[in-house]
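Good morning, and thank you for coming.

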Amino acid sequence: LCSPCEMMIDRIRKHGAEVIVHGSIWNEADEKAREVVEHDEGVAYVPPYDDELLWMGHSTMIDELYKQLNGIAPDVIVASVGGGGLLAGILIGLERRGVDWLENTRVIAAETEGTASMHEALKSGKPVKLEKIASIASSLGALQVCDGVLKMALNHPAGTYSVLVSDKEAMEGCMLLLNEHRILCEPACGAAVAACRKLGKSMSIDSKRQEELTVVIIVCGGGNISYDLLRYYLHSVGL
């Protein structure tokens with residue numbers, strides 16, 4: 001684990017697992033995990049985002065949307081992006097639902113300013129490795145997105161767009177979900193809500209006005225949060 005959180009460590013240990021804390025960011029922890037696997041045949045490496053099986057699992061959310069929206073393609077899907085696994089699932093799901101969904105649903109990739117690996121990759125047209133992670137949204141803390149996801153994002157017919165938000169804006173997104181919907185989430189999730197709010201009245205597509213748009217926000221990221229962590233995050237951003 002990176003960016004140690006005693007709450008999560010305690011939960012894992014309660015299941016009888018040995019927890020090795022290594023590094024200050026996810027990539028350092030990942031390197032250690034791969035090293036352990038190389039020297040111990042009794043353990044397996046489970047990728048957190050760069051795996052087609054994970055992508056296919058995430059893609060079933062689009063199948064659920066298809067049913068909820070009676071087959072009518074949404075105009076926009078907003079989701080937070082770390083390494084890119086969730087984004088890959090969204091893009092695969094859109095392709096599976098057919099031409100209408102693939103060509104008419106724009107995808108917004110939300111990140112905090114200190115975790116902007118997808119933003120830099122979309123801008124450069126190739127994977128870009130960040131020098132560091134500088135955000136409380138630790139679940140978005142991958143220094144570089146995976147190649148396969150970036151290729152899908154760049155080739156998505158309706159377009160994949162990046163929106164960056166500050167940590168404070170991400171926490172404001174968390175508080176909106178808590179106050180309006182009674183959902184407690186972590187900053188990585190609040191970033192998607194904040195991105196949608198940041199777009200605000202500038203969000204218009206073709207001849208549709210904002211109030212006519214069907215916008216879907218993927219609310220993903222509630223495991224690494226508690227009341228105490230929420231207070232800590234709010235204090236850290238001056239809220």
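Let us begin with asparagine 70, which lies in the loop between helix 3 (52-68) and strand 1. Helices (H or I, at least four residues) and strands (E, at least two) are DSSP runs, numbered from the N terminus. This is a predicted model, in which local features need pLDDT of at least 70 and side-chain atom pairs count only at pLDDT 80 or more, while totals for chains, interfaces and linings use all residues. Residues are numbered from 1 along each chain as its sequence is written, and side-chain values use heavy atoms, with hydrogens and water left out.

Asparagine 70 has a phi near 55 degrees, a positive value in a residue other than glycine. Is asparagine 70 buried or exposed? With a relative accessible area of 68%, asparagine 70 is exposed. Here buried means under 20% relative accessible area, exposed over 50%, and partly exposed in between, with a 1.4 Å probe and protein chains only.

A second residue with a positive phi, near 60 degrees, is arginine 182, again not a glycine. Arginine 182 sits in the loop between helix 8 (167-181) and helix 9 (187-199). Its relative accessible area is 64%, so arginine 182 counts as exposed.

Now I turn to the strands. Strand 1 (residues 76-80) and strand 2 run parallel and are joined by 5 bridges; two strands pair if DSSP finds at least two bridges between them. Isoleucine 77 has valine 107, in strand 2, as its bridge partner. Strand 2 also runs parallel to strand 3 (residues 160-165), with 6 bridges joining them. There, threonine 112 has valine 165 of strand 3 as its bridge partner. Why is strand 2 largely enclosed by the rest of the structure? Strand 2 (residues 106-112) is largely enclosed because 6 of its 7 residues are buried.

Finally, consider threonine 115, in the loop between strand 2 and helix 6 (117-124). Threonine 115 has 0% relative accessibility and therefore counts as buried. Its side chain makes a polar contact, at 2.8 Å, with the side chain of threonine 112. A polar contact is a pair of N or O atoms within 3.5 Å; within protein, one must be able to donate a hydrogen and the other to accept it, and residues adjacent in sequence count only if both atoms are side-chain atoms. Leaving aside residues up to four places away in sequence, threonine 115 touches Leu130, Ile133, Ser135, Ala137, Leu140 and Gly141, where contact means heavy atoms within 4.5 Å.
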